[in-house]
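Here is a short report on selected features of the model.

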Amino acid sequence: MRLVLIRHAHSESNASGVLSGRIPNVHLSEKGVKQAKELSTRLGAFPIAQIRSSPMERCAETIAPWLEEFVLKANPQLKVVTDPGINEVDYGQWSGKKLALLSRKSEWKTVQEAPSRMYFPKGEGIAQMQSRAMNSVHEAVASTTKGAAVIVSHGDVIKSIVASALGMHLDEFQRVVIDPASVSILDYSSTKPRVLLLNDSRSVVTDLLAAPKRSKNLLGGGSGR
């Protein structure tokens, strides 16, 4: 099973430098709307087993052009599952605050250097977020339906999933960069998950997603597509 991780496109909060978290009615910025249209072309048509999306509006808006242009025409019965397990981090009292101000807090160092120990005031811990996100991932990759599992989520959530796939301690997850409208692809068809693509915000990835599964023989680094 291939797992396609899509971060929502550039949002109004990204534009204003605000940590929106789960605040409702945060939509894509003008830049994000353009990114969403480009993302549709970059993804194109490929076999899909399921699509899971965070409940936040910016995630639904990000994949709306792709759903209309490529997915629902080919498979009108396919439903997007709204999955709270891949929702944005509950930043609690940090939600809605300027990142420039939050970066001055003493807890900011914990977020950057030891995120597994960070619990946001009246929110959740980063480790809690990773746990719920991985539950959704495991449910997705356990499917026997042919095709890729698509997850549309948020930067920190996707970073935690990639860190888990690579066997990294959560305290290292800030070493992973996940940009708006980026695509990352993980392969769960082997004993251990493998990273096929990471944080790609420019390439057309249709051929990679439509290609047969890669060989499990990794000696030499892989034979290419």
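Ile-23 sits in the loop that links strand S2 (18-19) to helix H2 (30-43). Helices (H or I, at least four residues) and strands (E, at least two) are DSSP runs, numbered from the N terminus. This is a predicted model: local features need pLDDT of at least 70, side-chain atom pairs count only at pLDDT 80 or more, and totals for chains, interfaces and linings use all residues. Residues are numbered from 1 along each chain as its sequence is written, and side-chain values use heavy atoms, without hydrogens and water.

Beyond neighbours within four places in sequence, Ile-23 contacts (heavy atoms within 4.5 Å) Met-56, Arg-58, Ser-95 and Gly-96. Its C-alpha atom lies 8.5 Å from that of Met-56, 33 residues apart along the chain.

Two residues are partly exposed (buried is under 20% relative accessible area, exposed over 50%, partly exposed in between; 1.4 Å probe, protein chains only):

| Residue | Relative accessible area |
|---|---|
| Ile-23 | 33% |
| Leu-198 | 40% |

In H2, Gly-32, Gln-35, Ala-36, Leu-39, Ser-40, Arg-42 and Leu-43 are buried. They cover an arc of only 165° around the axis (taken from the directions from the helix axis to the C-beta atoms), so they share the same side of H2. The face turned away from that buried side carries exposed Glu-30, Lys-34 and Lys-37. Cover for the buried residues of H2 includes strand S1 (2-7), helix H3 (57-74) and S8.

Leu-198 lies in strand S8 (residues 194-200). Just after H2, Gly-44 takes a positive phi of about 65°.
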